[in-house]
Amino acid sequence: VPPGSGIVHQVNLEYLGRVVFTDSSVLYPDSVVGTDSHTTMINGLGVVGWGVGGIEAEAVMLGQAISMLLPEVIGYKLEGKLSQYATSTDLVLTITKHLRQVGVVGKFVEFFGPGVAELSIADRATIANMCPEYGATVGFFPVDQNSLAYLRQTNREEAKVQAIEAYLRAVRMLRNYADAAQDPVFTQVVTLDLSTVVSCVSGPKRPHDRVSVTDMKTDFLQSLTNKVGFKGFGLSPDVVKKSVDFTYEGKTYQLRHGSVVIAAITSCTNTSNPSVMLGAGLLARKAVDA
């Protein structure tokens, strides 16, 4: 992907990813390895892919096969439907905390269950993107009708989309998430009810330290005085109470611990999802208006 063309994971999702190679007399599933840990984002479209080291990537570019031990596959069953107030970011932070507790390092995670059908490809890509944060090698979403609709939405050739569907049907890889009879046998199964997901953030230092928005103020204030660690800054109560006055555009403000100085969206996890970006834009506008 040439410089300045966009985030490579998003370009792969919207343009480069083939799902099935159809350019020869032999059809076979698409796959990818990349030199960025968030290469896994393409898993949301039903393409197996993950990040590797530079030497491994160079070897693949030169035509060498990549080898690996067969991993354990953890089935992550999604049930129910997200609340209208919950975003894909809330969902992926919930999943990240959960899978960190389960322990999936070096394993594949495959999402299944009727709840998957309720998620857009952008939402699935967000979950797959954060695979490195929950520790798995891949976070895979098998292809379904939503995946095929996304290929058409992003202007893939109709003939190729039809060939992809025909191939996946023939090899029984086209998933109907509502049909439990299609569910594979997994090493282990864990379940999440999407309706239980609430608005949340993570931190103050690690992405899997999930905190619901309703508990955010209390959690942050406790973190200020907790001993130095993942959930603590080790400040004394006197330091926490300190404030500094400053003037901006003729108005005087007070700067305290917890004041929002800079707000930015810099993660490809969030920039990959149109609904989250729109939500961030609306929030930013309200902040300026306030």
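A salt bridge is taken here as a side-chain nitrogen of Lys or Arg within 4 Å of a carboxyl oxygen of Asp or Glu, and by this rule the count comes to eight salt bridges. The structure is a predicted model, in which local features need pLDDT of at least 70 and side-chain atom pairs count only at pLDDT 80 or more, while totals for chains, interfaces and linings use all residues. Residues are numbered from 1 along each chain as its sequence is written, and side-chain values use heavy atoms, with hydrogens and water left out.

View 1. Helices (H or I, at least four residues) and strands (E, at least two) are DSSP runs, numbered from the N terminus. Strand β6 (residues 108-112) is mostly covered, with five of its five residues buried, where buried means under 20% relative accessible area, exposed over 50%, and partly exposed in between (1.4 Å probe, protein chains only). Phe108, Glu110 and Phe112 point one way from β6, whereas Val109 and Phe111 point the other way. In a regular strand the side chains alternate between the two faces of the sheet. Two strands pair if DSSP finds at least two bridges between them; β5 (residues 73-79) pairs with β6 in the parallel sense over five bridges, and tyrosine 76 has phenylalanine 111 of β6 as its bridge partner. Strand β7 (residues 138-140) also pairs with β6 in the parallel sense, over three bridges, and valine 138 in β7 is the bridge partner of phenylalanine 108.

View 2. Strand β5, helix α3 (residues 88-102) and β6 make a right-handed β-α-β unit, right-handed meaning that, with the strands pointing away from the viewer, the path from the first strand over the helix to the second runs clockwise. The side chains of glutamate 72 and lysine 107 meet in a salt bridge at 3.6 Å, N to O. This pair links distant parts of the chain, 35 residues apart, with glutamate 72 in the loop between α2 (54-61) and β5 and lysine 107 in the loop between α3 and β6. Glutamate 72 is partly exposed at a relative accessible area of 39%, while lysine 107 is buried at 18%.

**View 3. The salt bridge of glutamate 110.** Glutamate 110 forms a salt bridge with arginine 175, the closest N and O atoms being 3.0 Å apart. Because glutamate 110 lies in strand β6 and arginine 175 in the loop between α7 (158-170) and β8 (188-193), the pair ties together parts that are 65 residues apart in sequence. Both glutamate 110 and arginine 175 are buried.

**View 4. Aspartate 30, buried without a salt bridge.** Aspartate 30 is found in the loop between β2 (28-29) and β3 (31-34). This residue is buried yet has no salt bridge, and the nearest side chain of opposite charge, arginine 18, is 5.9 Å away; Lys and Arg count as positive and Asp and Glu as negative, whereas His and the chain ends are not counted. Leaving aside neighbours within four places in sequence, aspartate 30 is in contact (heavy atoms within 4.5 Å) with residues including Gly17, Val19, Phe21 and Val47.

**View 5. The salt bridge of aspartate 209 and arginine 206.** The side chains of aspartate 209 and arginine 206 meet in a salt bridge at 2.9 Å, N to O. Aspartate 209 counts as buried at 13% relative accessibility, whereas arginine 206 is partly exposed, with a relative accessible area of 24%.
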